[in-house]
Amino acid sequence: MDKPTFLDRRTFGITNYLAIAMVAMLVIAFIPRGTRKALESNTNNAEDWLPKSYNESVELDWFRKQFGSEAFVIMSWEGCTLGNTDQLETLARKLRVEPLTPAMAKAVGLTPHADRRIFARVVTGPEMLEDLVRPPTRLEPSQAIERMTGAFVGPPAVEGDDGTRTTCLMAYLGQPALKNNRTMRMAVERVVEIATEEVGIPRADLHMGGPPVDNVSIDIEGERTLAKLAGLSGLVGMVLAYACFRSVRLTALVLVVGIFSAGASLAMVFYFGAFEVLLLGSDEPRLGKLDAILMSMPAVVYVLGLSGAIHMINYYRDAEDVGGRRGAVERAVKMALMPCGLAAFTTAIGLASLATSDILPIEKFGVFSAIGVMLSLILLFTIVPVVLHRYPPPATSKSVQSHSASLPKWARSSAEWICQNHAWVSCGAVAIMVLFALGLPRIHSSVKLIELLHEDSTLVQDYSWLEQHLGNLVPMEVVVAVPPEMRREVNEHPEASGKHYAMTTIERMAMIRRVAERMEALGPVSRTLNASTFAPGEYDSESLSNRRTHDYIVSQAIDDNREALREFLRWEKSDDKVSIDRPRELWRATARVAALADVDYGQFVDELRVNIEPVLAAYRGRSQLVAALAAAEKQLEGARLVLLVPTEFTSNDVLFADLLREAGIENPVGGRRGKLHVVPAETLDNVTDRVRQQLTSQDAIVTCCGDIATKLTALELPHINLSNSSAPSKADVIASYTGVMPVVYKTQRQLIVSLQESLVMSTVLISIVLMVLFRGLGAGLAAMIPNLFPLVVIFGALGWLNVSVDIGIMMTASVALGVAVDDTIHFVSWFRRGITAGMSRYDAVMEAYERCGTAMVQTTLVAGLGLAVFAVSTFTPTQQFGYMMVIILVAALVGDLILLPALLIGPVGAWFPAGRPVSEEVREVLVATSGAAIKPVVLAAEAPIEEGQPAMVVETSSADALSSLEQVSSVEQPKPEVRRPEPTIPAPHTELSPASLALREKLRRFRRDQQA
């Protein structure tokens, strides 16, 4: 009686296959709940993508602490104009009193109550205009409309008719609604419900925007894409798997492994989040939350699961063809354990390298995709063996024959051509890599939240309509902080401290107005809102007493109405006791930037700094001048100064001169009227005694230009140099640049850094693994060449074509490396088995083609076409990930089926030592399916083989083959030919005699005829 196989043996009275199945099903039972909970945690917020330690994140957190979160929903629709405000007023009235829904209250742990409302504040364009025309502002209606144009009011549809101007409603979400993306989504959906069902606005006419709408739209689009395309991908995979195996049972098995692998990776997101909260004590999960980028992860794991299952089934069919069904599963597991295990391990390394990224979505993608790959490996070696053992597929002679002839004639001819021309193939492939590698330095990145969606999506269409009819929507925040030393009451002297020029409230408002004007001078900005937007216009009078009276009245009115201006004017909140007693005053300016225009956020932020910093530098320079004059027992008011400016002076020089005049430099003091002389620098080219006397007779010579200061020093003229000022401190007026745009720009820069770091790390780690696996430094490095081929070619092409790399494209790099390594390990494993069995490198490569070439093509077809459906997604990262993966998979297949065999046959192949002695199972497979029968070493007495050299015995039993043998041999009876390959084979076929070569060709022709 035959001894039971491993799966048939019993442990504690239960067969091993049943025990494995029970454990697997116990684990699989946790997948549905974890998957559902993970989908519910879907959260997208670009502001949280960077670590809290980054300056951009620190600035954004500080801004939120001072002014609160800018979670507003902007709404408008066809016919919402200044001349038709009935629906607008009705909607505003309803939203102001709308309480938290029971579901929202439950989600945040509150009891529903009428006073707990969804929105903290609701404002409309007409209400903003009414506030501007009423006291204390008292603007003319035309002035009020001008100030609101580009923010709350759009351009007129009919020239000269303000009633045709589109207006809008802006609703700010309260804290309960901002608890998480789930409550935010409920709030947005409730707004739409009220607007359409209670106010009667057609849904097709309603247009919405703002950060909450962005996040919710990305959530919905990501979920919709996952639900719609996952099924389509599964269908494509099923059809292709059936086309490969011609077996419903095997097709179902492949799909089950892929689906369970994808589900397990998604469920792991939820369970990891529970681990963070329950065991690590976090208030909320950091990594254990799904986002739009992580939505692509199940597809990756699904593809890799399919790939592993296809390879495993091919190993099983090999084992079954040779040794029969009994024990075939165990023999297949033995053969597949090393290549499949190492392939999964190296793939996980490539994916885990993404976890080093500082960009949170990429970090999460790396962590969970690596975990998912290892989970798929576990499922592969539990589900597949159990199912194949318990429900083996029917093995017909037709399937066996077709499987034994694994390569069709055209493919075998192509493989032979590659092997025979390996030198040209290798050089050509390397030359292509070098050509495309020159494009790698040209790679640039781009990250925009709105670009995560397709141009035909609802959100993008809404943004397009709103920006056309109202103005730009993306906020860019600039906050100017004024220290207490630079503030004063109207009746206090500005130079009392002798260290700074202290400003009244109206002077500080003039400063923020100048900053806003510089911001609006930039093309992408449609309007800048700040405190001066809601203040009276500038007052111009020749009378000093009238100006001072006006300043006093306006300053007092601003101080009395700070609550009304609290959105743009606040006292700084700080934990420092000194700062609490004497806080800095924060003046906010919000620029509205185009969301859909081709705006380089990095360039825009830089231009913003270039425009604004000279304004603040002028104010700081005035304070420095006050301190310098005070040191000489002089003061700025009533002083007589010479301001030396460059010959081609700029608006910054004009601004500084205006600030000196505003400070009262030309006021009469002590019976003497001051004077500011603005002198061009060319005056210093010819300094006569008279000019020197005129210059030194003034109270001071001042310049803000370093070159002019150097020239003054050379002329030994005393002067005050304001160009060498140190970096501003908290005692100076300083600006903070924050909002989503700096965060997105930093993310954009980090994207390239993350791409470089992850690729370098994964390449190094995978190279080390291959060196250990192939037992040689040269072998590991050589095996990496075909793995780098798809990366260099595809990303080099992106550089040459000037295609921006975004998050979706960036993540494909490590996935491509993992997929390429997978096939490389399988191919090289069969190559080394052939070498170990005594084959030449040529025969070993051809045997590797026979054994895994078809499986490699099958996995590429199933995975590639399965992911190709994602290219039609309306969610941009998924779309780009889909078509990039298809391209990369094809390039990886080219590298593994063309470049790798050519390298192995050439001199590089000598770097790959023979593996461990071939097991009996592998030997049986080689005997049954190779072109030559392989036996244990046979020694010929007349020609002894040196110790350590393998021997290959070639024989046939066919009458035709024996007839052919008689034609090339004088031996009357067929005898086995003993081939003695040299330890190092310089080139294929050179060790064979002409008679042996002729014999092998006849045998190969015979085999092809039999298969045909």
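**Close-up views of a predicted model**

**View 1. Ala779 in its helix.** Ala779 lies in helix α27, which spans residues 777-800. This is a predicted model, with residues numbered from 1 along each chain as its sequence is written. Local features need pLDDT of at least 70 and side-chain atom pairs count only at pLDDT 80 or more, while totals for chains, interfaces and linings use all residues; side-chain values use heavy atoms, leaving out hydrogens and water. Helices (DSSP H or I runs of at least four residues) and strands (E runs of at least two) are numbered from the N terminus. Ala779 counts as buried because its relative accessibility is 1%; buried means under 20% relative accessible area, exposed over 50%, and partly exposed in between, with a 1.4 Å probe and protein chains only. Not counting residues up to four places away in sequence, Ala779 touches Phe774, Trp911 and Phe912, where contact means heavy atoms within 4.5 Å. Gly909 is 130 residues from Ala779 in sequence, yet their C-alpha atoms are 8.0 Å apart in space.

**View 2. Phe827 and the largest nonpolar core.** A nonpolar core is a set of buried Ala, Val, Leu, Ile, Met, Phe, Trp, Tyr and Cys residues joined through side-chain atoms within 4.5 Å. The largest one here has 143 residues, and those with the most contacts inside it are Phe365, Phe795, Phe827, Tyr849 and Phe912. Helix α28 (residues 807-836) gives this core its largest share, 16 residues. For a look at Phe827, leave aside residues up to four places away in sequence: its contacts include Val845, Ala848, Tyr849, Cys852, Met856 and Leu897. Cys852 counts as buried, since its relative accessibility is 3%.

**View 3. Thr860 and a backbone oxygen.** Thr860 is found in helix α29, residues 841-868. With a relative accessibility of 10%, Thr860 counts as buried. A polar atom of the Thr860 side chain lies 2.9 Å from the backbone oxygen of Met856. Beyond its neighbours within four places in sequence, Thr860 is in contact with Asp823, Leu865, Leu889, Val890 and Leu893.

View 4. In α7 (residues 141-148), the buried residues are Ala144, Ile145, Arg147 and Met148. Seen down the helix axis, these buried residues fall within an arc of 160 degrees, so they line one face of α7; the arc is that of the directions from the helix axis to the C-beta atoms. Exposed Ser142 and Glu146 sit on the face turned away from that buried side. The cover over the buried residues of α7 includes α6 (125-133) and β8 (525-530). After α7 comes Gly150, with a positive phi near 95 degrees.

**View 5. Two loop residues with positive phi.** Most residues other than glycine have a negative phi. Arg138, in the loop between α6 and α7, has a positive phi near 55 degrees. Its relative accessibility of 58% makes Arg138 exposed. Glu633 sits in the loop between α22 (601-631) and β11 (640-645), and its phi is also positive, near 60 degrees. Glu633 counts as exposed, at 78% relative accessibility.

**View 6. Glu56 and its contacts.** Glu56 is found in helix α3, residues 55-67. A relative accessible area of 18% makes Glu56 buried. Apart from residues up to four places away in sequence, Glu56 touches Pro742, Val743, Lys746 and Arg749.

View 7. Cys704 is partly exposed, with a relative accessible area of 36%. Across the whole structure, a search finds zero disulfides, a disulfide being a pair of cysteine sulfur atoms within 2.5 Å.

**Setting for the views.** The protein has 33 helices and 19 strands, and 55% of its 1012 residues are buried. Among contacts with a separation of 6 or more, 77% join residues 24 or more positions apart.

Notes:
A polar contact is a pair of N or O atoms within 3.5 Å; within protein, one must be able to donate a hydrogen and the other to accept it, and residues adjacent in sequence count only if both atoms are side-chain atoms.
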